[in-house]
Amino acid sequence: MAAAEPSPRRVGFVGAGRMAGAIAQGLIRAGKVEAQHILASAPTDRNLCHFQALGCRTTHSNQEVLQSCLLVIFATKPHVLPAVLAEVAPVVTTEHILVSVAAGVSLSTLEEHLLEACGRCEEVPEAYVDIHTGLSGSGVAFVCAFSEALAEGAVKMGMPSSLAHRIAAQTLLGTAKMLLHEGQHPAQLRSDVCTPGGTTIYGLHALEQGGLRAATMSAVEAATCRAKELSRK
(Lines give C-alpha, C1' and ligand atoms only; values in the text may rest on other atoms or scores of the structure.)
Protein backbone atom coordinates (compact mmCIF):
# COMPACT_ATOMS: atom_id res chain seq x y z
CA MET A 1 0.00 0.00 0.00
CA ALA A 2 1.49 3.34 -1.02
CA ALA A 3 2.15 5.94 1.64
CA ALA A 4 -0.22 8.89 1.72
CA GLU A 5 0.98 12.14 0.18
CA PRO A 6 2.12 14.49 2.95
CA SER A 7 -0.10 17.50 3.39
CA PRO A 8 1.84 20.75 2.95
CA ARG A 9 0.21 22.14 6.07
CA ARG A 10 0.08 19.08 8.32
CA VAL A 11 2.28 18.76 11.41
CA GLY A 12 2.51 15.50 13.33
CA PHE A 13 3.49 14.64 16.90
CA VAL A 14 4.85 11.25 17.96
CA GLY A 15 4.17 11.44 21.68
CA ALA A 16 1.47 13.61 23.23
CA GLY A 17 2.91 14.72 26.56
CA ARG A 18 3.31 18.19 28.03
CA MET A 19 6.14 19.25 25.72
CA ALA A 20 4.24 18.17 22.63
CA GLY A 21 1.11 19.97 23.81
CA ALA A 22 3.04 23.15 24.52
CA ILE A 23 4.63 23.11 21.06
CA ALA A 24 1.26 22.48 19.41
CA GLN A 25 -0.28 25.40 21.29
CA GLY A 26 2.64 27.59 20.27
CA LEU A 27 2.24 26.71 16.59
CA ILE A 28 -1.49 27.36 16.69
CA ARG A 29 -1.21 30.66 18.59
CA ALA A 30 1.55 31.86 16.26
CA GLY A 31 -0.71 31.14 13.29
CA LYS A 32 1.83 28.70 11.82
CA VAL A 33 -0.65 25.85 11.43
CA GLU A 34 -4.37 25.34 11.98
CA ALA A 35 -5.45 22.97 14.74
CA GLN A 36 -7.22 20.61 12.33
CA HIS A 37 -3.93 20.12 10.48
CA ILE A 38 -2.15 18.79 13.57
CA LEU A 39 -2.08 15.01 14.06
CA ALA A 40 -0.81 13.50 17.32
CA SER A 41 -0.16 9.86 18.19
CA ALA A 42 0.16 8.10 21.54
CA PRO A 43 -0.45 4.54 22.80
CA THR A 44 -3.48 5.57 24.90
CA ASP A 45 -6.03 8.37 25.09
CA ARG A 46 -4.65 9.67 28.41
CA ASN A 47 -2.72 12.55 26.82
CA LEU A 48 -4.42 12.64 23.43
CA CYS A 49 -7.45 14.27 25.04
CA HIS A 50 -5.43 17.47 25.47
CA PHE A 51 -4.83 17.60 21.70
CA GLN A 52 -8.48 16.85 21.06
CA ALA A 53 -9.41 19.81 23.27
CA LEU A 54 -7.29 22.04 21.02
CA GLY A 55 -9.19 20.80 17.98
CA CYS A 56 -6.36 18.59 16.72
CA ARG A 57 -6.68 15.13 15.18
CA THR A 58 -5.35 12.12 17.09
CA THR A 59 -4.38 8.51 16.41
CA HIS A 60 -2.77 5.53 18.13
CA SER A 61 -0.59 4.84 15.08
CA ASN A 62 2.90 6.38 14.81
CA GLN A 63 3.02 5.11 11.23
CA GLU A 64 -0.02 7.18 10.26
CA VAL A 65 1.72 10.30 11.53
CA LEU A 66 4.97 9.49 9.71
CA GLN A 67 3.20 8.79 6.41
CA SER A 68 0.77 11.69 6.34
CA CYS A 69 2.64 14.67 7.80
CA LEU A 70 5.12 17.05 6.25
CA LEU A 71 6.80 17.74 9.58
CA VAL A 72 6.91 15.20 12.42
CA ILE A 73 7.91 16.32 15.91
CA PHE A 74 9.15 13.63 18.28
CA ALA A 75 8.29 14.33 21.90
CA THR A 76 8.56 10.85 23.34
CA LYS A 77 10.85 8.86 25.65
CA PRO A 78 14.47 8.55 24.44
CA HIS A 79 14.38 4.74 24.35
CA VAL A 80 11.36 4.83 22.03
CA LEU A 81 13.00 7.10 19.45
CA PRO A 82 15.46 4.73 17.70
CA ALA A 83 12.70 2.34 16.64
CA VAL A 84 10.71 5.19 15.16
CA LEU A 85 13.67 7.05 13.67
CA ALA A 86 14.77 3.94 11.81
CA GLU A 87 11.96 4.69 9.36
CA VAL A 88 12.61 8.38 8.77
CA ALA A 89 15.32 10.77 7.62
CA PRO A 90 16.65 13.35 7.84
CA VAL A 91 16.31 14.21 11.50
CA VAL A 92 16.51 17.80 12.69
CA THR A 93 16.90 19.09 16.23
CA THR A 94 15.49 22.21 17.73
CA GLU A 95 16.51 23.25 21.21
CA HIS A 96 14.60 20.51 23.02
CA ILE A 97 12.84 18.43 20.38
CA LEU A 98 13.56 16.17 17.43
CA VAL A 99 11.76 16.52 14.12
CA SER A 100 11.61 14.63 10.84
CA VAL A 101 11.14 16.37 7.52
CA ALA A 102 9.37 14.76 4.57
CA ALA A 103 11.57 13.93 1.57
CA GLY A 104 12.10 16.81 -0.83
CA VAL A 105 11.02 19.46 1.65
CA SER A 106 13.27 22.49 2.04
CA LEU A 107 14.55 22.76 5.60
CA SER A 108 15.01 26.51 5.22
CA THR A 109 11.35 26.86 4.24
CA LEU A 110 10.20 24.84 7.23
CA GLU A 111 12.49 26.77 9.53
CA GLU A 112 11.09 30.04 8.26
CA HIS A 113 7.42 29.08 8.41
CA LEU A 114 7.12 26.51 11.20
CA LEU A 115 10.17 25.66 13.24
CA GLU A 116 10.90 29.25 14.23
CA ALA A 117 7.91 28.95 16.55
CA CYS A 118 9.62 26.03 18.33
CA GLY A 119 13.19 27.27 18.68
CA ARG A 120 16.61 27.37 17.05
CA CYS A 121 17.13 24.61 14.44
CA GLU A 122 20.18 22.47 13.75
CA GLU A 123 20.31 19.58 11.29
CA VAL A 124 22.19 16.62 12.78
CA PRO A 125 22.82 12.93 11.96
CA GLU A 126 20.75 10.29 13.73
CA ALA A 127 23.98 9.16 15.45
CA TYR A 128 23.77 12.28 17.64
CA VAL A 129 20.30 11.52 19.05
CA ASP A 130 21.56 10.12 22.36
CA ILE A 131 24.11 12.92 22.75
CA HIS A 132 21.34 15.44 22.05
CA THR A 133 19.34 13.83 24.85
CA GLY A 134 22.26 14.14 27.26
CA LEU A 135 23.06 17.72 26.27
CA SER A 136 19.72 19.36 25.56
CA GLY A 137 17.03 17.09 26.96
CA SER A 138 18.74 16.48 30.29
CA GLY A 139 20.55 19.80 30.09
CA VAL A 140 17.34 21.60 31.01
CA ALA A 141 17.58 20.06 34.49
CA PHE A 142 21.31 20.85 34.70
CA VAL A 143 20.71 24.50 33.85
CA CYS A 144 17.84 24.69 36.35
CA ALA A 145 20.11 23.28 39.04
CA PHE A 146 22.72 25.93 38.23
CA SER A 147 20.10 28.69 38.19
CA GLU A 148 18.84 27.52 41.57
CA ALA A 149 22.39 27.50 42.95
CA LEU A 150 23.03 31.02 41.63
CA ALA A 151 19.91 32.30 43.33
CA GLU A 152 20.65 30.50 46.59
CA GLY A 153 24.09 32.09 46.64
CA ALA A 154 22.41 35.49 46.53
CA VAL A 155 19.93 34.41 49.21
CA LYS A 156 22.86 33.40 51.39
CA MET A 157 24.22 36.91 51.01
CA GLY A 158 20.90 38.48 52.06
CA MET A 159 18.77 38.89 48.91
CA PRO A 160 15.07 37.86 49.03
CA SER A 161 14.51 34.47 47.38
CA SER A 162 11.92 35.50 44.77
CA LEU A 163 14.06 38.39 43.59
CA ALA A 164 17.19 36.24 43.49
CA HIS A 165 15.51 33.58 41.33
CA ARG A 166 14.18 36.18 38.89
CA ILE A 167 17.58 37.79 38.50
CA ALA A 168 19.30 34.40 38.10
CA ALA A 169 16.86 33.38 35.36
CA GLN A 170 17.27 36.71 33.59
CA THR A 171 21.05 36.35 33.79
CA LEU A 172 20.86 32.96 32.06
CA LEU A 173 18.48 34.33 29.42
CA GLY A 174 20.65 37.34 28.66
CA THR A 175 23.79 35.23 28.46
CA ALA A 176 22.15 32.73 26.09
CA LYS A 177 20.97 35.54 23.82
CA MET A 178 24.48 36.97 23.58
CA LEU A 179 25.96 33.57 22.78
CA LEU A 180 23.35 32.82 20.10
CA HIS A 181 22.80 36.21 18.50
CA GLU A 182 26.40 37.39 18.49
CA GLY A 183 27.91 33.97 17.78
CA GLN A 184 30.49 34.35 20.51
CA HIS A 185 32.35 31.40 21.98
CA PRO A 186 31.55 31.07 25.72
CA ALA A 187 35.23 31.45 26.59
CA GLN A 188 35.36 34.81 24.80
CA LEU A 189 32.29 36.16 26.56
CA ARG A 190 33.61 34.90 29.89
CA SER A 191 36.90 36.66 29.26
CA ASP A 192 35.14 39.90 28.30
CA VAL A 193 33.41 40.18 31.68
CA CYS A 194 36.51 39.39 33.72
CA THR A 195 38.42 42.48 34.84
CA PRO A 196 41.83 42.05 36.51
CA GLY A 197 41.38 41.60 40.23
CA GLY A 198 37.60 42.04 39.88
CA THR A 199 34.61 40.23 41.32
CA THR A 200 34.05 37.83 38.42
CA ILE A 201 37.51 36.27 38.39
CA TYR A 202 37.28 35.66 42.12
CA GLY A 203 33.94 33.94 41.63
CA LEU A 204 35.26 31.87 38.73
CA HIS A 205 38.17 30.73 40.88
CA ALA A 206 35.68 29.46 43.44
CA LEU A 207 33.78 27.57 40.71
CA GLU A 208 37.01 25.97 39.47
CA GLN A 209 37.86 24.89 43.00
CA GLY A 210 34.43 23.25 43.20
CA GLY A 211 34.97 21.36 39.96
CA LEU A 212 32.05 22.91 38.09
CA ARG A 213 33.35 22.13 34.60
CA ALA A 214 34.32 18.53 35.31
CA ALA A 215 31.02 17.89 37.09
CA THR A 216 29.02 19.36 34.19
CA MET A 217 30.91 17.37 31.56
CA SER A 218 30.38 14.21 33.64
CA ALA A 219 26.66 14.98 33.90
CA VAL A 220 26.29 15.18 30.10
CA GLU A 221 28.36 12.01 29.70
CA ALA A 222 26.26 10.13 32.27
CA ALA A 223 22.98 11.25 30.69
CA THR A 224 24.20 10.30 27.20
CA CYS A 225 25.34 6.87 28.35
CA ARG A 226 22.00 6.29 30.04
CA ALA A 227 20.15 7.34 26.87
CA LYS A 228 22.19 4.76 24.91
CA GLU A 229 21.31 2.09 27.49
CA LEU A 230 17.62 2.91 27.21
CA SER A 231 17.85 2.85 23.40
CA ARG A 232 19.01 -0.77 23.50
CA LYS A 233 16.09 -1.92 25.64
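**Figure 1. Where helix H7 meets helix H8.** In this predicted model, Val143, Phe146, Ser147, Glu148, Leu150, Ala151, Ala154 and Val155 of helix H7 are in contact with Ser161, Ala164, His165, Ala168, Ala169 and Leu172 of helix H8, where contact means heavy atoms within 4.5 Å. Sorted by class, this contact of H7 with H8 has 10 nonpolar, three polar and one charged residues; here Ala, Val, Leu, Ile, Met, Phe, Trp, Tyr, Cys and Pro count as nonpolar, Asp, Glu, Lys and Arg as charged, and the others, Gly among them, as polar. H7 spans residues 139-156 and H8 spans residues 161-181, and the two pack at an angle of about 135° with their axes 8 Å apart. The axes are lines fitted to C-alpha atoms, for helices over the stretch in contact, and the angles run from 0 to 180 degrees between N-to-C directions. H7 and H8 are therefore oblique to each other, since angles under 35 degrees count as roughly parallel, over 145 as roughly antiparallel, 65 to 115 as roughly perpendicular and the rest as oblique. H7 passes H8 in a right-handed crossing, a crossing being right-handed if the near helix is turned clockwise from the far one by less than a right angle, and left-handed if anticlockwise.

**Figure 2. Serine 147 in helix H7.** Serine 147 has its place in helix H7, and with a relative accessibility of 12% serine 147 counts as buried; buried means under 20% relative accessible area, exposed over 50%, and partly exposed in between, with a 1.4 Å probe and protein chains only. When neighbours within four places in sequence are left aside, serine 147 is in contact with Ala168, Ala169 and Leu172.

**Figure 3. Helix H6 beside helix H7.** Helix H6, residues 129-137, packs with H7 at an angle of about 25°, and their axes are 5 Å apart, which makes H6 roughly parallel to H7. Gly134, Leu135, Ser136 and Gly137 in H6 meet Gly139, Val140 and Phe142 in H7, and by class this contact has three nonpolar, four polar and no charged residues.

**Figure 4. The largest nonpolar core.** A nonpolar core is a set of buried Ala, Val, Leu, Ile, Met, Phe, Trp, Tyr and Cys residues joined through side-chain atoms within 4.5 Å. The largest such core has 17 residues, and those with the most contacts inside it are Val11, Phe13, Leu27, Ile38, Phe51 and Ile73. Two or more residues of this core are given by each of strand E1 (7-14), H1, E2, helix H2 (45-54) and strand E4 (69-74), with the largest share, four residues, coming from H1. Another core, of seven residues, lies apart from it and includes Leu39, Leu66, Cys69 and Phe74. Isoleucine 38 touches Val11, Phe13, Ala24, Ile28, Val33, Phe51, Cys56 and Arg57, not counting residues up to four places away in sequence. In soluble globular proteins, nonpolar side chains tend to be buried together.

Figure 5. Glycine 12 lies in strand E1 and, at 0% relative accessibility, counts as buried. The C-alpha atoms of glycine 12 and leucine 71 are separated by 6.1 Å, although these residues are 59 residues apart along the chain. Leaving aside neighbours within four places in sequence, glycine 12 is in contact with Leu39, Val65, Cys69, Leu71, Val72 and Ile73. Alanine 40 is found in strand E2 and, with a relative accessibility of 0%, counts as buried. Alanine 40 and valine 14 are 26 residues apart along the chain, and their C-alpha atoms are separated by 6.1 Å. With neighbours within four places in sequence left aside, the contacts of alanine 40 are Phe13, Leu48, Phe51, Arg57, Thr58, Thr59 and Val65.

**Figure 6. Alanine 35 in a loop, and the protein as a whole.** Alanine 35 is found in the loop between helix H1 (18-29) and strand E2 (38-41), and alanine 35 is buried, with a relative accessible area of 13%. Its contacts, apart from neighbours within four places in sequence, are Ile28, Leu54, Gly55, Cys56 and Arg57. The protein has 11 helices and seven strands, where helices (H or I, at least four residues) and strands (E, at least two) are DSSP runs, numbered from the N terminus. Of the 233 residues of the protein, 31% count as buried.

**Notes.** Residues are numbered from 1 along each chain as its sequence is written, and side-chain values use heavy atoms, with hydrogens and water left out. Because the model is predicted, local features need pLDDT of at least 70 and side-chain atom pairs count only at pLDDT 80 or more, whereas totals for chains, interfaces and linings use all residues.
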